[in-house]
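Welcome! Please take a moment to look over the sequence and the 3D view, and then we can walk through some parts of them together.

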Amino acid sequence: MSGRGEWTLVGRDDELKTIEAVVSAHLPGLVLVGDAGVGKTRLLREALTRAAEDGVECHWVSATGAARSIPFGAVSHLIPAPTRPRADPVGLVVTVERDFARRGGGRPVLIGIDDAHLLDEPSAGLLHQLAVHGLAVAVATVRAGEPLSDALTSLWTGSGRRMEVRPLPATAVDHLLDEAAPGPLDAISRRRLRQLADGNPLLLRELLADALDTGGLREARGVWRWRGTASGSPRLAELVSARLRALEPAARQVLEVVACGEPLSLTLLERVADPAAIEAAERSGMAVAERSGARTALRMAHPLYGEALRASMPASRSRTVFGQLADVLASMPLRRRDDALVAGVWQLRSGSIRHPAIALAAARQAIDRYDIDLAERLARTAYDAGQGWEAQWLLARVLQYQARSQEAFDMLPPAPPTGSKRLAIWAITRAGLLYWGLDRIDEAHETLRVVPADSPGHDLTEATRSWVLFYDGRCQAALDVGQAVLARADTGVRAASWATMGAASAAGMLGRLGLAEELAERGRAVLAAEPEPMPWNEAQVGLGLCYARYAAGELAGAAELADHGYRAAVPSDARGMVAVWAGFRGIIAKAQGRLDAAEADLREAIALVEENDQYHLVRTYWAELAGVRALLGDLPGARRWLAAADARERTANRIFHSWVELNRAWVEVAEGDLTAATRTARHAADLARGSEQPTIEAVALYECARLGAPESVWDRLVGLADRLGGLASTLASAAGGLIREDGPTLETAADDLVARGHTLLAAEALGAAAQAYARRGRPRLAVAQRAATLARACAPARTPLLTSTAPGAEQASLTRRERDVAMLAVTLPSRSIADRLGLSVHTVNNNLARVFAKLGVRNRRELAVVLGHDGPDGTSDRSLGAIRPRH
């Protein structure tokens with residue numbers, strides 16, 4: 001639904017139960033207290049709707065500031081018409097009480113009172129009388145912090161109740177986002193919107209409405225990204241403007257400072273503001289103090305308070321505040337890890353760089369947190385302020401991360417600098433630009449070799465070389481180089497993370513998963529010594545092991561790592577990191593046969609990284625998405641995504657070339673050309689062998705077997721199985737089972753595939769096993785049923801092997817009369833079939849005997865399984881039309 005319709009009530013089950021209990025117990029009333037927009041009114045309306053459905057008479061009272069000056073104005077609709085002209089308030093109350101006593105029939109009436117703090121006193125008194133005399137149950141909403149009349153206060157101080165309506169939990173906000181957003185949101189946008197709304201559905205509603213109106217929410221590749229801010233929305237500003245207007249000027253100025261710097265150290269704040277004004281700002285409820293260790297900091301009580309305040313500040317005031325904060329922080333010891341980054345950002349926002357060295361340090365920290373856009377602004381500022389070679393290199397590095405390769409290459413000095421570690425960082429940056437940016441592969445490798453073994457930063461250079469060698473499909477060399485880096489006692493944290501990425505990935509590709517696990521543990525041990533871990537370093541180690549598990553065919557373990565990495569990356573707001581994990585989740589899900597999940601993850605990865613695809617991963621994601629669409633039978637979509645992948649073809653990243661070709665094979669399957677698909681799969685196997693990926697080679701060869709040509713790859717698969725074991729052995733065994741139509745062998749292979757997480761391959765193998773058993777006249781119902789269950793788990797995937805082994809596939813061998821009899825025999829006895837078809841019972845039984853012989857079944861129960869009537873409850877999840885005889 002759109003963001004402007006009424007939203008579903010979610011996350012309020014406990015509150016609704018409390019209201020129902022109050023009504024059932026005939027208590028005088030309940031007061032719902034909460035912040036503006038938290039959902040009190042929506043909750044109250046839902047409670048009245050449910051009560052009315054249960055036969056309770058319900059009335060709604062809406063209090064407003066405009067009607068507050070009119071006695072009984074809010075409850076005028078509850079007063080009988082002949083009574084309204086009377087001027088005697090007491091008599092009027094008595095009349096209303098009698099009316100309620102008559103209409104209630106011994107059961108209290110439910111009155112919902114919205115914004116009860118705005119009630120005029122006579123209305124509040126009347127509602128109080130109805131409640132305390134047992135004639136009505138009053139459920140009222142009250143904005144937190146607002147004063148109440150004595151009449152309403154007594155609703156909960158007596159036998160009534162008071163309940164705080166708290167912000168919605170994150171799961172409920174996610175539900176609303178799924179319902180109200182125009183399409184799937186990327187994880188970073190979802191998290192940011194959830195943070196800004198802070199559990200307040202009204203704020204969330206306004207955020208979405210403003211994002212749609214201003215274009216801040218945009219669709220890319222089927223995924224919606226929020227690129228705007230909340231600061232420009234007049235609707236959101238109005239939600240907090242009333243509270244701001246009530247503040248003293250000095251307190252507001254303090255809040256402006258807090259809004260600019262939050263969370264802001266109290267020690268720092270006291271250097272720019274008067275203590276009394278700070279106290280007044282905190283007492284306003286718009287700012288809260290938080291203690292972390294020995295440090296006390298102030299932040300805005302709600303994220304949008306800061307947004308509204310910053311939006312309302314004149315530019316000159318904003319610059320002045322940021323300048324003051326930057327100067328004060330620069331004058332203090334920068335002890336905390338983020339101090340330099342914070343001071344650098346404040347300088348940027350002040351419009352004046354008075355401490356360029358801090359800006360340079362801030363740029364480094366922004367890179368560590370993968371905030372590349374901010375890093376560019378800081379690095380360019382430092383470069384323009386004359387920070388010399390290091391600022392020039394840092395800016396080149398940032399431009400590289402943004403996939404602005406030629407611009408970065410031009411920025412980087414063409415010759416290596418003299419002195420210490422600068423040679424290493426120059427070589428690393430230049431090699432990355434040459435390899436990924438400019439497709440000059442040999443020059444990249446040569447550049448990394450210029451750093452002598454005894455030079456500072458050599459470990460980092462070698463770690464980079466391991467990484468580049470891996471992506472270049474030189475896995476054994478990548479493993480050797482990475483292992484050597486990790487074996488050094490003085491290897492730094494960053495070098496260890498890069499070396500682990502290269503070496504563990506390469507080990508997995510080479511089929512040495514145990515070694516990959518050992519290398520990952522070694523890398524984690526180095527990272528564990530880091531006082532404050534960097535998210536990207538952790539991600540590199542995790543990615544290396546994830547690559548290894550995927551390549552070794554351990555999809556279940558790879559999926560677990562990818563899910564963990566993705567969840568850890570989202571809070572960092574690092575689009576590139578989230579994209580890498582999302583892409584890997586999609587690749588793994590596709591291999592498992594979870595096509596909907598695969599498509600969602602791949603689209604998110606593309607949307608996040610397409611604009612600055614530094615490592616040229618989007619080509620692989622597009623190809624994988626083409627494979628997903630092909631497996632779904634969407635040929636136009638498959639062709640479109642494959643064409644996009646082909647348009648990005650490069651020499652670099654040879655490790656993925658075979659992956660792309662495997663997906664091309666499935667597009668050819670969707671086109672109906674199995675001969676071309678088999679040829680392409682064999683070509684993918686050759687590419688995998690050339691890039692030292694024997695397990696991927698085995699997978700590609702098994703694709704040929706799946707496509708109907710197992711004999712053509714059997715010898716090569718057996719050779720890989722003897723060399724590698726593991727998944728290669730399982731695939732070779734399955735291919736042999738397909739050649740020999742060997743049910744037990746296929747069944748054993750399927751068991752191993754399930755254990756490794758290959759649900760789709762297992763479904764195919766079990767389907768082939770069930771068919772092999774049936775053809776030998778000894779059907780195995782459990783095998784057929786299990787095959788159908790796994791196939792349903794992969795639905796709606798379409799593969800030739802699934803189609804040819806699906807229950808009912810062998811109906812093609814039946815005559816028209818035999819198909820008619822077989823279909824009816826699932827549910828009807830022979831006499832009824834004879835009557836239905838106008839045949840003799842003898843003819844029906846003869847036809848049924850031929851059906852049993854052709855399909856390899858012994859009775860009607862086995863026939864039902866073969867024809868697909870094998871759902872969990874004994875019925876098929878397929879329509880009868882799927883097996884209806886052709887006429």
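What follows is a short tour of helices, strands, cysteines and aromatic rings.

This is a predicted model, in which local features need pLDDT of at least 70, side-chain atom pairs count only at pLDDT 80 or more, and totals for chains, interfaces and linings use all residues. Residues are numbered from 1 along each chain as its sequence is written, and side-chain values use heavy atoms, with hydrogens and water left out.

Let us start with helix H1, residues 13–24. Helices (H or I, at least four residues) and strands (E, at least two) are DSSP runs, numbered from the N terminus. The expected span of a helix is 1.5 Å times one less than its number of residues. Which residues of H1 are buried? They are Glu15, Leu16, Thr18, Ile19, Val22 and Val23, where buried means under 20% relative accessible area, exposed over 50%, and partly exposed in between (1.4 Å probe, protein chains only). Looking down the axis of H1, the buried residues fall within an arc of 160°, so they line one face of the helix; the arc is that of the directions from the helix axis to the C-beta atoms. The face turned away from this buried side carries the exposed residues Asp13, Asp14, Lys17 and Ser24. Among the elements that cover the buried residues of H1 are strand E1 (29–34), helix H2 (40–53) and strand E3 (109–114), where contact means heavy atoms within 4.5 Å. Just after H1, His26 takes a positive phi of about 55°.

Strand E2 (residues 58–62) runs parallel to E3 and is joined to it by 5 bridges, with Val61 opposite Ile113. E3 and E4 pair in the parallel sense as well, over 5 bridges, and here the bridge partner of Leu110 is Val137 in E4.

In the loop between E3 and helix H4 (121–132) you will find Asp115. Asp115 is partly exposed, with a relative accessible area of 21%. Leaving aside neighbours within four places in sequence, Asp115 is in contact with Ala63 and Thr141. For a sense of scale, the C-alpha atoms of Asp115 and Thr651 are separated by 67 Å, and these residues are 536 apart along the chain.

Further on there is a hairpin. Strand E6 (residues 217–220) and strand E7 (residues 223–226) pair in the antiparallel sense over 4 bridges. The bridge partner of Ala220 is Val223 in E7. There are 2 residues between the strands, and Arg221 takes a positive phi near 60°.

What about the cysteines? A disulfide is a pair of cysteine sulfur atoms within 2.5 Å, and by this rule the count is 0 disulfides. The sulfur of Cys794 is 19 Å from the closest cysteine sulfur, in Cys546, which is too far for a bond. Cys794 counts as buried at 1% relative accessibility, and Cys260 is buried too, with a relative accessible area of 6%.

Now to the aromatic rings. Rings of Phe, Tyr and Trp (its six-membered ring) pair if their centres lie within 6.5 Å; planes under 30 degrees apart count as stacked, over 60 as edge-to-face and the rest as tilted. The structure holds 17 aromatic pairs. One of them, formed by Tyr550 and Trp659, is tilted, at 5.2 Å centre to centre and 50° between the planes. Tyr550 lies in helix H26 (residues 535–551) and Trp659 in helix H32 (residues 657–670), so the pair ties together parts that are 109 residues apart in sequence. Tyr550 counts as buried at 14% relative accessibility, and Trp659 is buried at 4%. Both belong to one aromatic cluster, whose members include Tyr435, Trp436 and Phe656.

Our last stop is helix H41 (residues 816–825), where 8 of the 10 residues are buried. Among them are Glu818 and Val821. Asn847 in helix H43 (residues 841–855) is in contact with Arg817, Glu818 and Val821, leaving aside its neighbours within four places in sequence. Asn847 itself counts as buried, at 4% relative accessibility.

Note on methods
Two strands pair if DSSP finds at least two bridges between them.
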